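User: I am new to this structure. Could you show me how to read its features, one at a time?

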Amino acid sequence: DLSLRGLRVRGQGEQDALGFILLFDPNDQETLFVAVHRNLDASDAARRFTRVRGQLKTVLETGEPAIVTDTSREPVLAGLTASKTYPTMVIMPLRAGFTLFGVAIIGGPAGMPEAYSNRRELLAVYCAQAGIALQSAQLYEQLRQERDRIVDSEEKARHELARDLHDGPVNAVASLTMGLDFARRLLAESPAEAKQEIDSLYQLAAKTAREMRMTMYRLRPLALESAGLTAALDQYLSRLQAERAQPQFHLLAPDAADFEPRLSSNAATMVFDIVKEAIGNSLKYAEARNVNITLRAINNWLAASISDDGKGFDLAAVQANYNTRGSLGMINIQERAALAQGDAAIESAPGRGTTVTVRVPLAEKKN
């Protein structure tokens, strides 16, 4: 919050100065908007500047302040109603380090350049402090957004766990309870039927145990810590394959001996989660016969790809209305890759399957 109250310049007597801050739009770095102002009318304050030219453009490109002695000749500033009352304007960059956030503009009467010269250093200090404040505010907002994202991810994980437990083990345990009670009463009346019931309950109990182990494995596979990413994925895919005939899962990791020692725990976790997310999407939508997971070391990067031969989809169409969709799988994949200082890409087309590719950095090789 940069206050411009009390800003005054000397002309004939004293008058309140014009002052306003132009900042880059966070969603469009080519556009400037009025963030705070003093003595701008409503129409000027609501303006957005998309085609920056003249001295304003020069200040943004060089990071050096400039004085406009005649705003009527300045292509951007001449369009302001205030330029008629304030023919002279000083444009000061707002920056912190190498980051430029926008400019501060102070307008006054024709005699303002002399007043500016006398107070140039003081004004530069104010704008430097404003740049630092803007950087701090930006970092705080990024931290707040990251915190919210983490909270949302944890909430999603809790909901998924609750749903998985309710749809699987919880219902199965309830069935086991009723079945055991029924078998207990059958023992006295029909031992043969009771034995059949107990056999059936045994199969249900074994299936429930497998489902609970799978649920726990999805949360955090022990093999990821003890044996590495490749072993954890191999175990995960084996468990999935045991539950279904199709699709067939194929894991290829010829460079495991190279990348495993150089892969951080955080990066391994993110890649494992991305593989799960991509496979989950494939199982839900692709109707694939094969899913191939490939891990390769390329220089100081681990490149992982998850591809299926399913029906694919129109990627451009999905991205166009993604904000209205309930699923956030594509965003989750990209955010997880970013958390490991990597990147992710998705390729798909109707009838051509889908491929998810993710890269995460590896530590330098030790000589």
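**Charged pairs and a sheet**

Analyst: Start with one side chain. Arg 244 is partly exposed, at a relative accessible area of 27%. Keep in mind that this is a predicted model.

User: Which side chain meets that of Arg 244 in a salt bridge?

Analyst: The general idea comes first. Side chains of opposite charge can pair when their charged atoms come close. Here the partner is Glu 243, with 3.6 Å from N to O. That is within the 4 Å cut-off for a salt bridge. Glu 243 is partly exposed as well, at 43% relative accessibility.

User: How many salt bridges does the count come to?

Analyst: The count comes to 14. One of them joins Arg 336 and Glu 277, whose closest N and O atoms are 2.9 Å apart. Arg 336 belongs to helix H11 (residues 329-339) and Glu 277 to helix H9, so this pair ties together parts 59 residues apart in sequence.

User: Are Arg 336 and Glu 277 buried or partly exposed?

Analyst: Read the percentages. Buried means under 20% relative accessible area. Arg 336 has 22%, so Arg 336 counts as partly exposed. Glu 277 has 16%, so Glu 277 counts as buried.

User: What does Arg 48 form a salt bridge with?

Analyst: Its partner is Asp 25, and the closest N and O atoms are 2.3 Å apart. This pair also links distant parts of the chain: Arg 48 sits in strand E5 (residues 48-49), Asp 25 in strand E3 (residues 18-25), 23 residues apart. Arg 48 is partly exposed at 45%, whereas Asp 25 is buried at 12%. Salt bridges can also form a network, as with Asp 181, Arg 184 and Arg 185.

User: Now the sheet. In what order do the five strands come?

Analyst: Read across the sheet, strand by strand. The order is E9-E10-E11-E13-E12, in an open sheet with mixed pairing. The edge strands are E9 (248-252) and E12 (343-348), each pairing on one side only. Neighbouring strands are turned by 10° on average, direction ignored.

User: How many bridges join E12 to strand E13?

Analyst: Six bridges join them, and the two strands run antiparallel.

User: Which strands does helix H9 touch?

Analyst: H9 (residues 265-286) packs on the sheet and touches E9, E10, E11 and E13. Its direction makes about 10° with that of E11. Helix H7 (residues 229-243) lies across E9, E10 (290-298) and E11 (301-308), running at about 170° to E9.

Note on methods:
Residues are numbered from 1 along each chain as its sequence is written. This is a predicted model: local features need pLDDT of at least 70, side-chain atom pairs count only at pLDDT 80 or more; totals for chains, interfaces and linings use all residues. Side-chain values use heavy atoms; hydrogens and water are left out. Two strands pair if DSSP finds at least two bridges between them. Helices (H or I, at least four residues) and strands (E, at least two) are DSSP runs, numbered from the N terminus. Axes are lines fitted to C-alpha atoms, for helices over the stretch in contact, and angles run from 0 to 180 degrees between N-to-C directions. Contact means heavy atoms within 4.5 Å. Buried means under 20% relative accessible area, exposed over 50%, partly exposed in between (1.4 Å probe, protein chains only).
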